[in-house]
Amino acid sequence: MMCKNRSRRIVALLLGMLIYTTGCSSNNSSELSSRETISTDLPPFITSDTVSTETTEISEETETETATMEDPTYLAYVASWEFPENFGSLQEVRVYQDQVYLLSLEQTESMETKGVLFCASAEPEPVFTELFADADEENFIGLTDFDILSDGTICGLLCENTVSVPYDDPNFDEETFDWDTYYENSSVQYRLVWYNEDGRVTQKLGLSTLLDLDDTMMQTVAFTGIRCDSADRIYLTATIDDQEYLMALDQNENLCTVQGDTSEMVTLCSSYQWIRCGSDGMLLFEKNNDDAIALYHVVITDDALWKTQVQVSDLLDNMTLLAEDYLSDSWYGLWNDVGIYRCEKDGESELLYSWTNIQQSAEDVTKVILLSDLKVLMMTYSAQGELALYLVVPEEYEQIIETEPSLKPTESEDTSKVEESDHAEETVPIATDVTTLQ
């Protein structure tokens with residue numbers, strides 16, 4: 001009897017445990033379902049090896065897509081430009097209709113600095129032509145910067161009497177130097193000059209007459225650059241008492257007033273860069289002491305200088321530099337520690353070339369110009385501290401140049417369109433798209 005009662009108790013106990021377990025399982029499922037319904041934006045719980053494997057595969061695909069976005073669009077062929085024997089030290093580079101103009105500085109027998117201009121086509125092995133070889137040498141004494149007007153003529157910035165600048169004198173003694181004379185003459189050294197196609201000066205403008213300086217104060221003035229836009233408007237930068245300024249000339253060759261201000265000069269941050277943009281005017285990229293950045297579009301309208309802040313690419317930061325862009329469908333370029341990009345007005349950007357492929361360090365590059373046909377001109381410092389030029393072209397560009405004379409259509413190709421036209425367009429180099437090689 002006691003055994004029967006004991007058996008009944010054991011059965012009842014087991015039955016109770018089974019009912020309790022079933023109830024708990026039902027409640028847990030109900031709570032999980034309820035949580036998934038409320039928090040629909042949370043990822044699902046991983047409950048099996050199959051789900052875990054699928055999640056890993058998706059993650060790998062996402063990482064691959066992200067890496068591909070940073071891959072360059074084109075592979076590069078890099079050519080180092082060899083300068084002519086009579087080439088001095090490279091000072092500045094400008095571009096006009098895909099022709100590259102170089103300013104070389106040389107010393108005359110009287111120890112004055114003379115600027116010599118060269119021109120070459122943007123090719124891996126350029127042929128340099130000296131501009132104004134037969135012109136009067138005196139017209140180019142003190143030429144420190146230049147730009148090219150829409151008709152192909154040159155506008156230059158001259159700094160005369162350069163041998164009198166104290167920091168160029170190895171025997172300079174600040175205690176015995178006549179500072180009053182230097183301060184008085186520092187602004188009158190500068191001239192704007194316009195050259196014709198033969199290198200003859202057709203017009204000269206003294207820049208000291210444009211400045212309204214306080215004669216009661218000692219001020220140092222140094223004009224540091226000249227640029228012109230597509231409408232031949234002239235822009236100037238200057239350093240006055242350690243402060244940077246931007247100014248521009250109106251149609252009467254007087255300084256423009258700044259829109260919304262009575263000043264004739266725009267104060268610049270100590271770290272700035274300005275380039276010619278794809279549309280009217282110039283682009284000004286500033287970085288202040290707090291590492292804040294801003295991009296401005298600078299134009300001259302109704303004889304007034306306008307400075308308007310514009311949208312920037314997400315890639316622009318305080319370590320980025322602007323690249324001048326002559327591609328027809330983009331606004332400006334930039335480069336950072338990854339590579340060289342082109343940027344649209346809406347901020348969209350495309351990585352053209354990576355430094356890994358170019359085999360150059362971004363820290364050594366001082367200037368980048370985007371040319372047509374996806375070519376890029378780079379100015380860098382050599383190991384000896386001298387400026388050097390490199391031309392970056394799409395990888396297949398050289399192959400096309402070498403094989404172009406022997407290229408003939410196959411039998412399967414339709415040549416009727418070529419036969420109909422006596423003015424077939426030149427073959428445009430086709431870049432190697434990286435995505436086709438993967």
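Biologist: Is strand β12 largely enclosed or exposed, and how many of its six residues are buried?
Modeller: In this predicted model, β12 covers residues 243-248; strands here are DSSP runs of E with at least two residues, numbered from the N terminus. Buried means under 20% relative accessible area, exposed over 50%, and partly exposed in between (1.4 Å probe, protein chains only). The strand is largely enclosed by the rest of the structure, because the number of its six residues that are buried is five.

Biologist: Which residue of β14 is the bridge partner of L246?
Modeller: On one side, six bridges join β12 to the antiparallel strand β11 (residues 234-240), where T237 stands opposite L246. Three bridges also join β12 to β14 (residues 266-268), again antiparallel; strands pair if DSSP finds at least two bridges between them. In β14, the partner of L246 is V266.

Biologist: Which residue in the turn between β11 and β12 has a positive phi?
Modeller: Most residues other than glycine have a negative phi. The two strands form a hairpin with two residues between them. The turn residue with a phi of about 50° is D241.

Biologist: What is the relative accessible area of L374?
Modeller: L374 is not a glycine, yet has a positive phi of about 65°. L374 is in the loop between β23 (365-370) and β24 (376-381). It counts as buried, because its relative accessible area is 16%.

Biologist: How are residues numbered?
Modeller: Local features need pLDDT of at least 70 and side-chain atom pairs 80 or more, while totals for chains, interfaces and linings use all residues, and side-chain values use heavy atoms, without hydrogens and water. Along each chain, as its sequence is written, numbering starts from 1.

Notes. Helices (H or I, at least four residues) and strands (E, at least two) are DSSP runs, numbered from the N terminus.
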